[in-house]
Amino acid sequence: MMTINVGVLLAVIVVMRLRRRTQARSRVEERNTAFIVLALGIVIAPTPLGEGIFNALKQLVSGISQAGT
């Protein structure tokens, strides 16, 4: 079974979104990018809040993964 680190996944999403041209972005896209970057910061941060959010995401992904099998 393949596992994926949520922090790595968010980092890849951020890099891909930031590589796009600035002129082609709408305000909604900019806001979504800001929320994704904020989530990445919370997940990476070694704080109880970051660890709690990470554990919640891990349980959600695990539940979705098990539902698919």
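I take axes as lines fitted to C-alpha atoms, for helices over the stretch in contact, with angles from 0 to 180 degrees between N-to-C directions. Helices are DSSP runs (H or I, at least four residues), numbered from the N terminus.

Basis. I am reading a predicted model, where local features need pLDDT of at least 70, side-chain atom pairs count only at pLDDT 80 or more, and totals for chains, interfaces and linings use all residues. Residues are numbered from 1 along each chain as its sequence is written, and side-chain values use heavy atoms, without hydrogens and water.

Helix pair. I looked up α1 (residues 6-18) and α2 (residues 27-44): their axes come within 9 Å and cross at roughly 150°. The two helices are therefore roughly antiparallel to each other (over 145 degrees). I then listed the contact (heavy atoms within 4.5 Å): α1 brings Gly 7, Leu 10, Ala 11, Ile 13, Val 14, Arg 17 and Leu 18, and α2 brings Glu 29, Asn 32, Thr 33, Ile 36, Val 37, Ala 39, Leu 40 and Val 43.

Core. I found that the largest nonpolar core has five residues: Val 6, Leu 10, Val 14, Leu 40 and Val 43. Such a core is a set of buried Ala, Val, Leu, Ile, Met, Phe, Trp, Tyr and Cys residues joined through side-chain atoms within 4.5 Å, buried being under 20% relative accessible area with a 1.4 Å probe, protein chains only. α1 gives the most to this core, three residues.

Single residues. Leaving out residues up to four places away in sequence, I see Val 43 touch Gly 7, Leu 10, Gly 50, Phe 54 and Leu 57. Thr 33 lies in helix α2 and is buried, at 8% relative accessible area.

Notes:
Parallel < 35°, antiparallel > 145°, perpendicular 65-115°, else oblique. Buried < 20%, exposed > 50% of the residue type's maximum accessible area, 1.4 Å probe, protein only.
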